[in-house]
Amino acid sequence: MTAPAYGVLRQVSETASVLLENNPSSMTLEGTNSWVLRATPSTPAVVVDPGYRDLEHLELLAGVGDVELVLLTHFHPDHAEGAPWFAERVGAPVRAFDQSLCLGASSFVDGEVISAGGLSIRVLHTPGHTDDSVSLVLDGQVLTGDTILGRGTTVLHDLGDYLRSLRKLIELPAGTLGLPGHGPELPDLAATAGEYLAHREQRLDQVRSALKELGADATPRQVVEVVYADVDRVLWAPAELSVQAQLDYLRSEEQG
């Protein structure tokens, strides 16, 4: 795989470029993708997910030129922490689904269309990774935040919400370009969402099997040790969060 180009604004499509933050980890992959959207090189930009309060990265991001608006896909600090500093630096408002993250502007409404940067950007509320996660649809492409990553799978807060969000994304036209918060672009987001849904259903079956072996009151850690036995142990802690979401989902199904 080609080494990531930190600090270099890379053109991905006619309307989207990405600046990769130098914050690689097992959770952020190569780092956070800060997206720069604009209809033409001369129109003001919309910046999505400035990243951590990493002043070197944020100054480079401010160097893209006039910024009309800052958008956040969700509240996690690797996407949103730097937004207040960056917004003040470029003189632009911040919008997000969570009003507490907004500065000088209102929170998102599911389905609304934002006109900025010469573009029309439709907001899709896609909770599951977090309650406030959104995907942003424009011009045959979708910014997915952490709802769908460029590779691997995301940590879940609520599995029921997440399955519903995947079904929304599966309905997108074939060939819709996925622009994730971490990792490489996805050439067909609807197809990837379908793969994610199949993976989640497979994991649910594995959790059901583990519960038969361990007992209905098994802890997330006990389930992880069975279901994720072939996964690097450094990922077991985040896997516990996803297993907890799966157990909550299965137990709510039983109660329902």
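How many residues of domain 1 are in contact with how many residues of domain 2? I looked this up in a predicted model. I found 14 residues of domain 1 in contact with 11 residues of domain 2.

**Entry: the domains.** I checked where each domain runs along the protein chain. The domain assignment puts domain 1 at 8–188 and domain 2 at 199–254. I then looked up the separation of their centres, taken over C-alpha atoms, and noted 30 Å.

**Entry: the interface.** I noted that about 940 Å² is buried between domain 1 and domain 2. Carbon and sulfur atoms carry 72% of that area. I sorted the residues of domain 1 that touch domain 2 by class, and wrote down seven nonpolar, five polar and two charged.

**Entry: contacts across the interface.** I searched for salt bridges between domain 1 and domain 2 and the rule gave zero. I also searched for polar contacts between the two domains, and the count was two residue pairs, both at pLDDT 80 or more.

**Entry: rings.** How many aromatic pairs does the structure hold? I recorded zero. I next asked which residue lies over the face of Tyr228. The residue is Arg203, and I noted its distance from the ring centre as 4.2 Å. Both Arg203 and Tyr228 fall in the range 199–254, which the assignment gives to domain 2.

Conventions. Residues are numbered from 1 along each chain as its sequence is written. This is a predicted model: local features need pLDDT of at least 70, side-chain atom pairs count only at pLDDT 80 or more; totals for chains, interfaces and linings use all residues. Side-chain values use heavy atoms; hydrogens and water are left out. Domain bounds come from an automatic or database domain assignment. Contact means heavy atoms within 4.5 Å. Buried area is the accessible area (1.4 Å probe) that two parts lose on being put together, summed over both. A salt bridge is a side-chain nitrogen of Lys or Arg within 4 Å of a carboxyl oxygen of Asp or Glu. A polar contact is a pair of N or O atoms within 3.5 Å; within protein, one must be able to donate a hydrogen and the other to accept it, and residues adjacent in sequence count only if both atoms are side-chain atoms. Ala, Val, Leu, Ile, Met, Phe, Trp, Tyr, Cys and Pro count as nonpolar, Asp, Glu, Lys and Arg as charged, and the others, Gly among them, as polar. Rings of Phe, Tyr and Trp (its six-membered ring) pair if their centres lie within 6.5 Å; planes under 30 degrees apart count as stacked, over 60 as edge-to-face and the rest as tilted. A charge sits over a ring if NZ of Lys or CZ of Arg is within 6 Å of the ring centre and within 35 degrees of the ring normal.
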